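Work through the exercises below with the sequence and the model at hand. Each task is followed by a solution in steps.

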Amino acid sequence: MTLELPDLPYAYDALAPYMSAETLEYHHDKHHNAYVTNGNKILQDLPNMGSTLEEVVINAHKKGEQGLFNNAAQHWNHKLFWQWMKPNGGGSLPGDLEIAINDSFGSFESFRDKFLTAGATQFGSGWCWLVLNADGKLEVTKTPNGENPLIHNQKALLGCDVWEHSYYIDYRNARPKYLEAFIDNLVNWEFVAELLEKAKQEL
Ligand code: MN3
């Protein structure tokens, strides 16, 4: 299979002031593009790792193909990351998602605190996540580098990139400020709700 860089689902300046056009130009056109290009180079020598991106990520991890795993997993993470944001994001949650979050975390505020803490305490590069685990429960997790919920048998419902390239232009070293802006002003909760619906059906 061949990895393909998707276009952003909005204009480069559509997420400002919370995420600038300059950040999106570097993050999408340089960083994400590099994962695609490097992943495709490695796939030329490893043609039998799977026919879908998900299979490639899981097989590369199982077989210890670290280079392929890093690039394919980051491609998967970023494809979703662009969709997890939208202009005028944040705000109120669709009803079913709000109920699920309240059931698992007690309140949206409690979930928000856990998510912000996971992102702020991920040491070095990585991601923080809201996932549906194999028991059908929502959970907040964090992972290093390109690692993602696919290899932990969890369904990713929301993920935030906490690599410095995701926030340093706009927030410098203030990762917590970036995480707050992400949750409060950028998240596309309708997309998260769609993923939850799909994930529940696949349990
Ligand atoms: Mn990134």
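**Exercise 1**

In which segment is the place of T2? Then decide whether T2 is buried or exposed, and state how far T2 lies from K137.

Solution. The model is a predicted one.
Step 1. T2 sits in the segment before helix 1.
Step 2. The cut-off for exposed is over 50% relative accessible area. T2 has a relative accessibility of 53%, so T2 counts as exposed.
Step 3. Between T2 and K137 there are 135 residues of separation in sequence, and their C-alpha atoms are 34 Å apart in space.

**Exercise 2**

Solution. 

**Exercise 3**

Which residues touch the most other members of the largest nonpolar core? Trace where the core comes from.

Solution. 
Step 1. The largest nonpolar core has 66 residues, and those with the most contacts to other members are F81, W84, F111, L158 and F182.
Step 2. Helix 3 gives this core its largest share, eight residues.
Step 3. Domain 1 (21-83) and domain 2 (95-202) each contribute at least three residues to this core.

**Exercise 4**

What is the volume of the largest pocket, and which elements each supply at least two residues of its lining? Describe the lining by class as well.

Solution. 
Step 1. The volume of the largest pocket is about 420 Å³.
Step 2. Its lining consists of 19 residues, and L150, Q154, K155, A156 and E202 lie nearest the centre.
Step 3. At least two lining residues come from each of helix 2 (53-62), helix 3 (66-83), strand 3 (155-161) and helix 8 (189-202). The largest share belongs to helix 8, with four residues.
Step 4. Sorted by class, the lining holds 12 nonpolar, three polar and four charged residues.
Step 5. By domain, at least three lining residues come from each of domain 1 (21-83) and domain 2 (95-202).

Methods:
Residues numbered from 1 in each chain as written. Predicted model: local features only at pLDDT ≥ 70, side-chain atom pairs only at ≥ 80, totals over all residues. Heavy atoms only, no water. 1 Å grid on protein atoms, 1.4 Å probe; cavity = no way out; pocket = protein on both sides within 12 Å on 5 of 7 lines; lining within 4 Å. Points joined across faces, edges and corners; volume = space filled by probe spheres on them. Nonpolar A, V, L, I, M, F, W, Y, C, P; charged D, E, K, R; others polar. Domains from an automatic or database assignment. Core = buried A, V, L, I, M, F, W, Y, C linked by side-chain atoms within 4.5 Å. Buried < 20%, exposed > 50% of the residue type's maximum accessible area, 1.4 Å probe, protein only.
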